[in-house]
Amino acid sequence: MINITISNPRNEMTFFPEEVISGEASWTARGEHKKAEIRLFWYTQGKGDMDVEIIDKMEITYPSLGKANFKFKLPNAPYSFSGKLISLIWAIELIFFPNKESFKVDFTMSPNGQEINLYSNNHLDSNNQLKK
Amino acid sequence: MKAKDNPFSVERVLKINYRLSDIDWDNLIQKLEAQQFRGAIVGQHGSGKTTLLEGLAKKLLPLNHSVKSLRLNSEKPNFSPEFLDKFFSLLNKNDIVLLDGAEQLNFISWQYFKYKVKKAKGLIITTHKEGQLPTIYNCKTNYQLLNDILFELIGSQATNIKPSSKELFDKHQGNIRDVLREYYDIYAQFFH
């Protein structure tokens, strides 16, 4: 069993650019887990091949402990968005080696805490700037 | 419909496991062992060769095989000499090389690749035509396979989907990948 809990004083799964994201990962330790990492990354989902960029990662030297805290500083971009062809999603992932068993939790990152919807202009103000 | 909610998004499609017919995974691996882990997965475009190769990698890893995966396609039809030099230098006798898209290599490149990988434990490729290596599995598509995949992706909606799975299967001449892409577009356009 694997679980990732993200701490947020606003009790939401939304974050602002350059904010710190922290939390705790816990798992049932197994012998085949030789190494583990907690990763901060974004990925795309949609019609085309998935793009992934790992922004930061933390190595867990002793997976047998079954628990680890993490803390990452979010970059200033890219923002979470969704259109018909592609969505960009931020996530925290715990991955074990060598079998690459993994578990992730998605979250939103944008200046107004909401995923940018490419269907509409609701995310823009009257000056065509991103709404705060 | 948002891309991340589309049931035909690539992430969801990639989670579908390959459905073997006429053989199970244990027997397929035994067949590979008998051929010193050298063989080809053969099939037309969109018949599941990559999915099968990825499934094979997942089966080989827990058996303590070391797997090195490479991929070629029409957008990236060859490897740089620098990359290959480094790859071959790190290859050892415990590695099984999985090459997806071997048909992209021209005759000389293929012969060179095969020669350099001789020191490895095995070489399993995907390709469109037989002949590069002994065939270990032939990927074929049919209406039932497509229907099974649709049920896995959208459940009972698969029964009444328009256009019908048969219609799109025939339109794309059995290329299931293209059928799933067309269903992606339909859902993106008409579903909310």
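**A residue, a sheet and a contact**

Modeller: In this predicted model, A:Glu93 counts as buried because it has 20 C-beta neighbours inside 10 Å, and a residue is buried if 20 or more lie within that distance.

Biologist: Which strand is A:Glu93 found in?

Modeller: A:Glu93 belongs to strand E8 of chain A, residues 86-97.

Biologist: And what is A:Glu93 in contact with, leaving aside neighbours within four places in sequence?

Modeller: With those neighbours set aside, A:Glu93 contacts A:Arg39, A:Phe41, A:Ser102, A:Phe103 and A:Lys104. The C-alpha atoms of A:Glu93 and A:Ile55 are 12 Å apart in space, with 38 residues of separation in sequence.

Biologist: Turning to chain B, what is the order of the strands in the open sheet?

Modeller: The 5 strands of chain B are ordered E2-E3-E4-E1-E5, with parallel pairing. Strand E2 (66-71) and strand E5 (135-139) of chain B are the edge strands, each pairing on one side only. From one strand to the next, the twist averages 15°.

Biologist: How many bridges join E3 to E4 of chain B?

Modeller: Strand E3 (residues 95-100) and strand E4 (residues 122-127) of chain B run parallel and are joined by 4 bridges. B:Leu99 stands opposite B:Ile125 in E4(B).

Biologist: Now the contact: how many residues come from each chain?

Modeller: Chain B contributes 13 residues and chain A contributes 15 residues. On the side of chain B that touches chain A, helix H1 (10-14) and helix H8 (176-190) of chain B are the elements giving two or more residues. H8(B) supplies the largest share of that side, 3 residues.

Biologist: What is that side like by class?

Modeller: The side of chain B that touches chain A has 7 nonpolar, 2 polar and 4 charged residues.

How values were computed: Residues are numbered from 1 along each chain as its sequence is written. Chains are lettered from A and ligands numbered from 1 in the order in which they are written. This is a predicted model: local features need pLDDT of at least 70, side-chain atom pairs count only at pLDDT 80 or more; totals for chains, interfaces and linings use all residues. Two residues are in contact if their C-beta atoms, placed from the backbone, lie within 7 Å. Ala, Val, Leu, Ile, Met, Phe, Trp, Tyr, Cys and Pro count as nonpolar, Asp, Glu, Lys and Arg as charged, and the others, Gly among them, as polar. Two strands pair if DSSP finds at least two bridges between them. Axes are lines fitted to C-alpha atoms, for helices over the stretch in contact, and angles run from 0 to 180 degrees between N-to-C directions. A residue is buried if 20 or more other C-beta atoms lie within 10 Å of its own, exposed if 12 or fewer, and partly exposed in between; C-beta atoms are placed from the backbone.
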